[in-house]
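Please look over the sequence and the model before reading on.

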Amino acid sequence: MKKSILVGITLALIFFLRTESVRGQTLDDKEQAKLAQALPQSEFSREKTSVASERDSMPIAIGVESGNGGLNQESEAIGLTQNLGEERARAETKDDGVPDDTVGEWDPWEPFNEKTFGFNRQVDRFLLKPVAKGYNAALPDPIRAGIANMFDNLDVTRRFVNNILQLKFAGAGQELARFAINSTVGVAGLFDVAGHLFDIAKSDRDTGQTLGVYGIGHGPYLVLPLLPPLTVRDFFGFVADEAMYPLSYFIPTGAVIGMTATETISDRAATVDRF
């Protein structure tokens, strides 16, 4: 399992380093191409206007008409420039306050992502979804809910650590309280007593969010085998979150794989009508 994670990190780094060197140039070229369509027309308008103003024998109305035409075309060029500026500004006003590197649906690895998405789709169609349907048919709702609650309770380390790193101390306190109550009164997390009886809500934070809080951009869109769609930032966050899973350090590798498979099936069964 750890070897597969390391291989994934290596692939992501190779793709990221190859793409970062050309990303800025690609975005600048797109902006210059748009401006190039408007600026020549604007320069021609200004030249035409200046020639008309030098002809004293021509009626003033003609000069005004020509000047208005030039102003209209110049306004189009200025408007285009402003739109490009606004597009770049919107990239810096995301929810996490971090400049968004994926402006314009930037997907430089589209061929790879499409093939991987197709592979994941077939795995889900012929393997994961049928198993999830059988899981729903075999187990009643209370048991499925209890299993989901148990896995959620075990994921407390990720939420607690990232609340601390994001300076969300109230959220970190909520996570500790939820874990203590659900692990005892809730019978090892099978029942969400903290949520239902004490109204202590979950404060869900992950490492991808934490990296964004500290100024790390999203990076390109990335689809890897058997993983949900991510960005480069969220991929590294996902690896860090997996490293925080507590039981992986205390139980055999086979048991970890079995629990991971069960959790994956449980999550898929909860959203069996969607992909």
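A residue is called buried under 20% relative accessible area, exposed over 50% and partly exposed in between, with a 1.4 Å probe and protein chains only. The model is predicted, so local features need pLDDT of at least 70 and side-chain atom pairs count only at pLDDT 80 or more, while totals for chains, interfaces and linings use all residues. Residues are numbered from 1 along each chain as its sequence is written, and side-chain values use heavy atoms, with hydrogens and water left out.

**Overall make-up**

- The protein has ten helices and two strands; helices (H or I, at least four residues) and strands (E, at least two) are DSSP runs numbered from the N terminus.
- Read from the N terminus, the order of elements is α-α-α-α-α-α-α-α-β-β-α-α.
- Of the 275 residues in the protein, 28% are buried.
- The accessible surface is about 17100 Å², and carbon and sulfur atoms account for 62% of this surface; areas come from the Shrake-Rupley method with a 1.4 Å probe, and for residues only the protein chains shown count as cover.
- Contact means heavy atoms within 4.5 Å. Among contacts between residues at least 6 apart in sequence, 69% join residues at least 24 apart.

**Nonpolar cores and aromatic rings**

- A nonpolar core is a set of buried Ala, Val, Leu, Ile, Met, Phe, Trp, Tyr and Cys residues joined through side-chain atoms within 4.5 Å.
- The largest core consists of nine residues: A132, Y135, I147, F151, L154, Y245, I265, A269 and V272.
- Two or more residues of this core come from each of α3, α4 (141-154) and α10 (253-270), and α4 gives the most, with three residues.
- Y245 contacts F151, L154 and M259, leaving aside neighbours within four places in sequence.
- A second, separate core has seven residues, among them L224, L230, V232 and V239.
- One aromatic pair is found in the whole structure; rings of Phe, Tyr and Trp (its six-membered ring) pair if their centres lie within 6.5 Å, with planes under 30 degrees apart counted as stacked, over 60 as edge-to-face and the rest as tilted.
- The ring centres of F235 and F236 are 5.5 Å apart and the planes are at 70°, so this pair is edge-to-face.
- F235 is buried because its relative accessibility is 3%, whereas F236, at 29%, is partly exposed.

**Salt bridges**

- There are ten salt bridges in the structure, each a side-chain nitrogen of Lys or Arg within 4 Å of a carboxyl oxygen of Asp or Glu.
- R268 and D124 form a salt bridge with an N to O distance of 2.6 Å. R268 is in helix α10 and D124 in helix α3, so the pair ties together parts 144 residues apart in sequence.
- R268 is buried at 8% relative accessibility, and D124 is buried at 5%.
- D155 and R158 form a salt bridge, with the closest N and O atoms 2.7 Å apart, and both residues are buried.
- R158 also meets D204 in a salt bridge at 2.9 Å, N to O. This pair joins helix α5 (residues 156-165) to the loop between α7 (193-196) and α8 (207-213), 46 residues apart.
- D204 is partly exposed, with a relative accessible area of 41%.
- A network of salt bridges links D152, R159, E175, R178, D192 and K202.

**N120**

- N120 lies in helix α3 (residues 110-138) and is buried at 11% relative accessibility.
- The N120 side chain reaches the backbone nitrogen of L226 at 2.8 Å.
- Not counting residues up to four places away in sequence, N120 touches V223, L224, P225, L226, L227 and F275.

Terms used: A polar contact is a pair of N or O atoms within 3.5 Å; within protein, one must be able to donate a hydrogen and the other to accept it, and residues adjacent in sequence count only if both atoms are side-chain atoms.
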